[in-house]
Amino acid sequence: MMMAFARGSRSVCVRSGVIRAPCARFSDAFKKRETANEAEFISRMERDNLRKLLSKLDSQADPEGKVSRTNLHVVFEKHNLKLSKALEADLRAWKNDGNFQPVYVD
C-alpha cells in the first residue's frame with residue numbers, strides 16, 4: 001500500500017506504515033550554507049576588529065606631532081617659557097626619533 005501526502009512544496013511518501021521525509025538531500029545544502037554563513041561572520045568580525053585596532057594605533061601614533069601641538073604650547077606657558085619655532089622643531093624631531101626611554105639628567 002502506497003500513499004502520498006503533499007505538504008506545501010514537499011511530498012511525503014508512506015509505504016507500509018513507514019514515513020520517509022526527503023530531508024537527507026537538504027541536509028548537505030543546509031550544512032554548506034551554515035558553513036558559508038559562519039565563515040562570512042568570522043571574516044566580518046576580523047575586519048571589524050582589525051579596523052578598530054588600526055584606528056587605535058593611529059590615535060596612539062602621531063609621527064608628525066600634529067595632535068600634541070597645543071599641548072606643547074600649554075606646557076611651555078605653564079612654566080613661563082616661550083616656545084620658538086626652532087625649539088618646537090627640535091623638540092618634535094627629538095620626540096619622533098623612535099627612542100622612548102626616559103633619560104634623567106640631575
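Modeller: Let's start with the term: a salt bridge here is a side-chain nitrogen of Lys or Arg within 4 Å of a carboxyl oxygen of Asp or Glu. By this rule there are two salt bridges. A word on the source: this is a predicted model, where local features need pLDDT of at least 70, side-chain atom pairs count only at pLDDT 80 or more, and totals for chains, interfaces and linings use all residues. Residues are numbered from 1 along each chain as its sequence is written, and side-chain values use heavy atoms, with hydrogens and water left out.

Now the pairs. Side chains of opposite charge can pair when their charged atoms come close. Arginine 44 bridges to glutamate 40, with 3.6 Å between the closest N and O atoms. They are four residues apart in helix H1, so about one helical turn separates them. Helices are DSSP runs (H or I, at least four residues), numbered from the N terminus. Arginine 44 is partly exposed at 34% relative accessibility, and glutamate 40 is partly exposed at 44%. For scale, buried means under 20% relative accessible area, exposed over 50%, and partly exposed in between (1.4 Å probe, protein chains only).

The other bridge joins arginine 51 and aspartate 48, at 3.1 Å from N to O. These two sit three residues apart in helix H1, so again they are separated by about one helical turn. Arginine 51 is exposed, at 52% relative accessible area, whereas aspartate 48 is partly exposed at 27%.

Helix H1, which covers residues 24–60, also holds leucine 50. Leucine 50 is exposed, with a relative accessible area of 52%.
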